[in-house]
Amino acid sequence: MLSFACTAPNGQVVRLDDLPIEDLQRLAGDAGLESWFDLYLQPARHGKATIALYRHCCGVAGAEAIEPITPKVILGAFTAVEDDTLPTLWENGNPPTADDQTTP
């Protein structure tokens, strides 16, 4: 599944995967969305919720949100991130073990 992150003005990156669901649900509910998942799946789609999420991420990162919050700010802040929990591909198809020899 595609994940998103918000880059705050101070350069800190806040992955939406790392935010508590309670926070996402509160932001979504305050904006009239039914579920936190709507905001998580498409963070730049829901105006009021998007602005609240951006400000929340900035707060988590210890940064002040850029004001006014324009489409350029939002589209520059939210980016798709790769799932870094996927296994690495190995040459022989198996993960390395402590007994494996390395090539100099």
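Guide: Helices (H or I, at least four residues) and strands (E, at least two) are DSSP runs, numbered from the N terminus. The model is predicted, so that local features need pLDDT of at least 70 and side-chain atom pairs count only at pLDDT 80 or more, while totals for chains, interfaces and linings use all residues. Residues are numbered from 1 along each chain as its sequence is written, and side-chain values use heavy atoms, with hydrogens and water left out.

Visitor: What is the order of the strands in the open sheet?

Guide: Strands of a sheet pair through backbone hydrogen bonds, either parallel or antiparallel. Two strands count as paired if DSSP finds at least two bridges between them. Here the open sheet has 3 strands in the order β2-β1-β3, with antiparallel pairing, and its edge strands, each paired on one side only, are β2 (13–15) and β3 (78–81). Strand β1 (residues 3–7) pairs with β3 over 4 bridges, and alanine 5 stands opposite threonine 79 in β3.

Visitor: How do the axes of α1 and α3 cross?

Guide: Two packed helices are described by the angle between their axes and the distance between the axes. Axes are lines fitted to C-alpha atoms, for helices over the stretch in contact, with angles from 0 to 180 degrees between N-to-C directions. The axes of α1 (residues 21–30) and α3 come within 8 Å and cross at roughly 145 degrees. In contact terms (heavy atoms within 4.5 Å), the α1 residues Asp23, Leu24, Arg26, Leu27 and Asp30 meet Lys48, Ala49, Ala52, Leu53 and His56 in α3.
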